[in-house]
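Please keep the sequence and the model in view while reading.

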Amino acid sequence: MKELRSIVLAAGKGTRMKSQLAKVLHPVCGRPMVQYVIDVVKGAGSLKNYVVLSHQFEAVKQILGENEIPVKQEQLLGTADAVRSVESFLKGYADDLLVVCGDTPLLTVETVKALVKKHQQTGASCTILTAVLSNSTGYGRIIRGMDGRSIAIREEKDASADEKKIMEINVGVYCFKAASLFKALPGIKKNRLKKEFYLTDVIEIMAERKWKIETLETSDPQEGWGINSKVDLASAEKVMQLKILTKFMRDGITIIDPGTTYIDANVKIGADTVIKPFTVIESDVRIGRNCVIGPFARLRPKTVILNNTEIGNFTEISRTKIGNNVFMKHFSFLGDAVVGDQANIGAGTVTANFDGKNKHQTKIGKQAFIGSDSVIVAPATIGKGAVVGAGCVVAKEKIVPDGHVMVGVPGRVIGKRKQ
């Protein structure tokens, strides 16, 4: 079995994004787009992944995992130069090498696996992923010879009028024999218009040397979308969002209106939970079974909700753990809180978790009852079975003992809760 490694091209500035943030760090459904691409090559079997970086090198490097090796492209001289910057890391490596673009978050593991499989079965020097589009404007075209085999990839700016009519485009995903790739690379000349070295030119060099070139057409042209602008980013977000929602629904989660529901990547939701319209669930949220969320709810990162809990309309939760059978039905905010089982969070409850410099935690015990329009100034503790009366302000560092009642502004404990 051949080994597989990959090169992820992620060095570009992304000038058309009109942003100071590196293009590959722009999030799609809560994750930097390059992370989707890295997940795909790993899922396809790549054991080492060389991520070529330049613009905002340190910022991109921070999101890479243990199996990703950052490689700096010293000058932005094009995709061929980016691949060449990895050559020293691959001395002695003779097996297969994936080359992918870091701005294609809609690429799937299944498609890349199929590309690798065809490459290995045919023994090609290079296998190219292609797509057929009704409008191929802006993409490199696949040029084929009389025998139907690919003999070149022609970029839009260099294409003739007839070549621009070709509907089959280069997706920007390749599987190479590593030795063949690095033998051909020195033959690439600087493009006269852009003054860069195009990796796509390596196909024509291989064809001239009579090396075998294969192609695989993806059944879903959306996989090849490269993100070059905020318009592209929004289009990719919409596609990815539908994929995420569809998977949740197939796993037994009820999403009443997918058109008004937004769920980021890296969210987990238990079966039989219902997500009502106009709900936003951000990355790293965990929701248990048989919950009801929304409408008009926002769950922010590091929120954990256990089973049989209801989070109602116009609520926001951030970095908070909520237990089983909790009710938080209306107009409330919980930040940096821990809420015990069977607690009731009344309408208009707010945890004042930020003092202007630091965030502080609120602890609300099991079966506690927080009355409407209460403000809890963190850090504070509401004991098991305790009651905070409507409109009460629980001052900083105050404790409501188990089973006791606090009322007033500022809050004062007036005795035990009546059973």
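What percentage of the contacts in the protein chain with a separation of 6 or more is accounted for by residues 24 or more positions apart? The share is 43%, where contact means heavy atoms within 4.5 Å. The model is predicted: local features need pLDDT of at least 70 and side-chain atom pairs count only at pLDDT 80 or more, while totals for chains, interfaces and linings use all residues. Residues are numbered from 1 along each chain as its sequence is written, and side-chain values use heavy atoms, with hydrogens and water left out.

The protein chain contains seven helices and 37 strands; these are DSSP runs numbered from the N terminus, with helices (H or I) of at least four residues and strands (E) of at least two. Its radius of gyration is 28 Å, well over the 22 Å that the globule rule gives for 419 residues, so the chain is more spread out than a compact globule. The radius is taken over C-alpha atoms, and the rule is 2.2 Å times the number of residues to the power 0.38. The C-alpha trace spans about 90 × 40 × 40 Å along the principal axes.

Of the 419 residues in the protein chain, 50% are buried; the term means under 20% relative accessible area, whereas exposed means over 50% and partly exposed lies in between (1.4 Å probe, protein chains only). The accessible surface of the chain comes to about 19,500 Å², and 52% of this belongs to carbon and sulfur atoms. Such areas come from the Shrake-Rupley method with a 1.4 Å probe, and for residues only the protein chains shown count as cover. The chain carries 59 positive and 43 negative side chains, and the centres of the two sets lie 4 Å apart. Lys and Arg count as positive and Asp and Glu as negative, without His or the chain ends; each charge is placed at NZ of Lys, CZ of Arg, CG of Asp or CD of Glu.

Helix H6 illustrates the packing of buried residues. Within this helix, residues 201-208, the buried positions are Val202, Ile203, Ile205, Met206 and Ala207. They pack against strand S7 (126-132), strand S9 (150-154), strand S10 (168-177), helix H5 (178-184) and strand S11 (213-217). After H6 comes Lys210, whose phi is positive, near 65°.

The discussion now turns to aromatic side chains. A search of the whole structure finds five aromatic pairs. Rings of Phe, Tyr and Trp (its six-membered ring) pair if their centres lie within 6.5 Å; planes under 30 degrees apart count as stacked, over 60 as edge-to-face and the rest as tilted. One of the pairs is formed by Phe278 and Phe296, which are stacked at 4.8 Å centre to centre with 5° between the planes. This pair links distant parts of the chain, 18 residues apart: Phe278 is in the loop between strand S15 (274-275) and strand S16 (280-281), and Phe296 is in the loop between strand S18 (292-293) and strand S19 (297-299). Phe278 is partly exposed because its relative accessibility is 44%, and Phe296, at 38%, is also partly exposed.

Phe314 and Phe331 form another stacked pair, with 5.9 Å centre to centre and 10° between the planes. Here Phe314 occupies the loop between strand S21 (310-313) and strand S22 (315-318), and Phe331 the loop between strand S24 (327-330) and strand S25 (333-335), 17 residues apart. Phe314 has a relative accessible area of 46% and is therefore partly exposed. Phe278, Phe296, Phe314 and Phe331 form one aromatic cluster.

Several loops deserve attention for their backbone geometry. Most residues other than glycine have a negative phi, and most peptide bonds are trans. Phe278 has a positive phi near 60°. Asp272, in the loop between strand S14 (268-269) and S15, likewise has a positive phi, about 70°; its relative accessible area of 53% makes Asp272 exposed. A cis peptide bond joins Gly294 and Pro295, with omega about 5°, and Pro295 lies in the loop between S18 and S19. Another cis peptide bond joins Val409 and Pro410, with omega about -5°; Pro410 lies in the loop between strand S36 (404-407) and strand S37 (412-416).

Finally, Asp402 is found in the loop between strand S35 (399-400) and S36. Asp402 counts as exposed because its relative accessibility is 52%. Leaving aside neighbours within four places in sequence, Asp402 is in contact with Gly383 and Lys384. The C-alpha atoms of Asp402 and Ala80 are separated by 68 Å, and the two residues are 322 residues apart along the chain.
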